[in-house]
Amino acid sequence: MLRISCPWCGERDEAEFRYRGASLARPAADAGIDAFNDYVYVRENPRDWHTEWWLHVSGCRQLLRVERHTLTHEIRSVTVTRQP
Amino acid sequence: MIGPRRVGAGLLVDSRRPVRFRFDGREVEGLAGDTVASALLANGIRLVGRSFKYHRPRGVVTAGPEEPCALVDVIGAASEPNRPATTLDIRAGLDVRSQNRWPSLRFDLQSSTRLISRFLPAGFYYKTFMRPGWAWERLFEPAIRRAAGLGRLRAEAGDPPAPAETVHDHADVLIVGAGVAGIAAALRLGSAGARVMLVEQDVTPGAGALLDPRWQSWRDAACSALARLTRVRFLARTCVVGAYGHGVFAALETLSHDERRRFGGLAQRLRVIRAQRVLFATGASERLIACPGNDTPGVMLAGAALAYLRRYGVVAGSRPALFVNSDEAYAPAFELAAAGIGAVAIVDVRAESLAADRARAAGLPVHAGAVIERIEGGRGVRRIHIAKRGGSARDTVDADCVLLSGGHSPAASLPLQLGAEPEWHAPLAAFVPRLEASIGRVAGAARGTSGLASAARDGAATAAGIAADLGIELPASAAMPELPADAEATPLEAFWEVRGRGKSFVDLQNDVTADDVRLAQREGYEHAEHMKRYTTHGMATDQGRIGGLVGSAVLAAARGVDVAEVGMTRPRPYVQPVPFAALAGVEVGAHFKPKRRLPLDEWHAAAGATFVNAGLWLRPLVYSPHSGWEPVLEEARRVRRAVGLTDVSSLGKIDVQGRDAARFLDFIYANRFSTLAVGRAGYGIMLREDGMLLDDGTTSRLGPEHFLVTTTSANSVAVLEHLEFQLQANCADFDVRLTDVTDQWAQFAIAGPHSRPVLAAGVRGIDLSNGAFPFMAAGTGSIAGRTARIFRISFSGELAYELAVPAVYARDAWEALLTAGRPFGMAPYGLDALNTLRIEKGHVTAAELNGNTGAFDLGYVRLLKAEGDFVGRTLSMRPALRCEDRLQLVGVRPVDRTRRLRNGAHFVTAAARGASLGYITSSTPSTELEGWVGLGLLARGRERIGTRLVATSPIHGDDVEIEIVGPHFLDPENQRVRA
């Protein structure tokens, strides 16, 4: 089980968070169907560092951008997109 | 002495306290401290079960949780299936039953499968029963199910599973295994002040130290030193069953009979342990040797025989033979000799060894450079056949038990779960886990040391590394008692199988033989993981701990490669079986899920409501104790003809504020809210980014920068999550704050032609006239002296309002409304009537917003704004989502108005009854039309309006001819809501 360091709540169990997938930039409004198709459906599945979203649903509801290694589950950074 | 095979005092049993229990209905006497297995062995009972596939007679093979054969069902109160007899303590009145035998253990009819076993080869599931299809369901599967299977679960009324609880533990260091390595590490870390949890699956610490008399004083001294360290917690009977990374572990603690009594019947604790550092000192498991007849009752692992003698004073037989490949495995022969029982033969695969010399000096007959080529016996070992390796000399010796040892494999499941690499270690002929120190450390026999003293030294040395990680200073003086020296030993010789006639088992629990492994290889299942699945090798509850590597070695030989190349299958949680009751803990029955109660819960109950679970909410279904449609229709008709009141407090309510609130809602919703005037409400739909509908509801503008979003009750959590995600991921620079106010506001709908005068009588400070407060208006008034939000919105299709007050004032507002409504015959209505009303109006809920429907399917394309981006905009325009072949929302009515509709009934044509065109999502008897009306999702539905189809519900044996109509059954021009 991952233990994720929420900047506001401290180190918490994975069970408090909802995984929201790879942290990708949303395409521009006029980027077209192919770009949105890739954004919604196409994933790299790397055996490497992976930047992903975790939403602290059972805590402060902060969305965290987490860098996790998919092989070792090591987490090397946790950042937020906006300050409260 | 209790029992003819008890030859001395055991460390764990109390010879003054006899205990009687029942095995297969027969009374057996053991001693306090005995396990079922040790008590049976003490009484000379060798046959304890039948095997899974062939129903072969089986005996006790091990002395611990790795036991593959001696599984029993505990019957009576707090029954449990599949308990290893080797870890189940006896108590007075315990009643256990052997498995896989019918009608009795000694005489088993199905053991005739031995005669047809050539029809049950590896992979037989995949081949024998391929054709014909019906035969599997009706013939083979029932027969196999009767023959196979382990214990039986009994879940009869009044027989609940033994209760369990969940405990959360925290430690600086978790040490798994209290053998000498674990104890040494705990002493070192504990005396430095670290908070240590030392966890042992056995009933007492010591492991290998319990088996060697020279280590008794060390163990006693170390245990009393540990007991003095207040920051060291020791837990016995606790098996760490899963390692989940980031320092999180699950452990199953099985309470002793005494503790059970003390804790009111509590049987297990599931411990969730969070530790900064972990040390795996899990020791090693002894391996069997595959040879013909190696499953005969009386065949036991050598270490197990030593354990029964040292722990319980019990011997497996009076004429033991050994079949070994290492010096360590001679230990039981020496201990048995000391107890007056001389081995009849020690068969060592090695030509020479120090242990063989010592045995000969002690007068024990050693057959060096030899193997046992066959073990003879039916319900118990009678004779062994010895053959010289590479020669023709044969010998036959009468024996009543065979002690096998093919060496030891590190017990590495937990480090492997954490991603350790298994590395071949030739001196042991075993895989040793290599784990990054940052993830965890492994010490002692678990990482391949030999001998107790080197394990203890390794434990202490590894503890020093952990202390350094934690920044803990270790005391200069060693806290450890002096270690007895390890004996010098000749290296073992890797040895796996004696090939010959008869079955040689590599997996005793799943009845997998060496020949099965070779068959799998011939049929192309060459990878260890494929062979495992094809043969079921290692897939039983013992997880192949004693024969797993032997199976890999047989596969390697068949492939002509080294066993190091074949490897082992990857272990996953759990290390040993965990009862579901232990996972559930106290979250059973009423505590399975939380209940959400409406603010007026007590009022509804007092008014005679029948409640229904809607998500977590308990909502009034109908205000009547009677089932059936009559009370529902009475409530719904009152709304259509006069006025009704219902509690919609469970609606999700999200307060959205900020300078960019309107801009944010334009991004979230498919329709536009930035143009909504203050004091107005609007219906909105939101899509997922893939273009499908997520939810719908009304949103009101309470101020220029203040909106109130309502969601369906079912989706309130998902919608809030969606909004937070979109705001923080894609609108990070927006000035918007989201607050869930679902629980803060009670909300009631007043619906029906008389709703305006009722509301006008109940509230102050608001002009409700049609001109001043038109359809979709939102405003503020007061009721019972409290400020209320008032919305003119309608879910029923009638003239209707919703009124919201802070939840603490719910009762005042509700009763004020009831008083105001009394002259108009107003009464409350429940969820069923609400549903009837919305179906007639063609409003959708979760049944239609099912995650597979898009705006086009439900006829909402006109709501999609033409300009500006929003979540789901681009993909909702995919041609596939605009295809007329998709399921579209329609209304349905039975042609014969006396027939009922059924939710889930499929639309078919009379000509093609097998091809579903869609299904009914919601249905109800109508308040105004004759008979039933329903909503459904139908392929090319809008085109089919005006045609007839059949709604078929095969599980009800029900076919109804229906006509397809538009989804709005009444007031399609929406006149009533504007009245």
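Me: How much space lies in the second largest cavity?
Reply: About 70 Å³ lies in the second largest cavity, a cavity being a set of points on a 1 Å grid over the protein atoms alone where a 1.4 Å probe fits but cannot get out, with the volume taken as the space filled by probe spheres set on the points. This is a predicted model, in which local features need pLDDT of at least 70 and side-chain atom pairs count only at pLDDT 80 or more, while totals for chains, interfaces and linings use all residues. Residues are numbered from 1 along each chain as written, chains are lettered from A and ligands numbered from 1 in written order, and side-chain values use heavy atoms, without hydrogens and water.

Me: And which residues line that second largest cavity?
Reply: Its lining (residues with an atom within 4 Å of a point) includes B:Gly59, B:Val60, B:Asn294, B:Asp295 and B:Leu508, and by class the lining has seven nonpolar, three polar and one charged residue.

Me: How many cavities of 30 Å³ or more are there in the whole structure?
Reply: The search finds ten of them.

Me: Switching topic, how many residues of chain A are in contact with chain B?
Reply: With contact meaning heavy atoms within 4.5 Å, 28 residues of chain A touch 36 residues of chain B. In chain A, A:Arg26, A:Arg61 and A:Arg82 lose the most area to chain B, together 29% of what that side buries.

Me: What does A:Arg26 form a salt bridge with?
Reply: Its partner is B:Asp869, the closest N and O atoms being 2.6 Å apart, and the rule (a side-chain nitrogen of Lys or Arg within 4 Å of a carboxyl oxygen of Asp or Glu) finds six salt bridges across this interface.

Terms used: Buried area is the accessible area (1.4 Å probe) that two parts lose on being put together, summed over both. On a 1 Å grid over the protein atoms alone, a cavity is a set of points where a 1.4 Å probe fits but cannot get out, and a pocket is an open set with protein on both sides within 12 Å along at least five of seven lines; lining residues have an atom within 4 Å of a point. Ala, Val, Leu, Ile, Met, Phe, Trp, Tyr, Cys and Pro count as nonpolar, Asp, Glu, Lys and Arg as charged, and the others, Gly among them, as polar.
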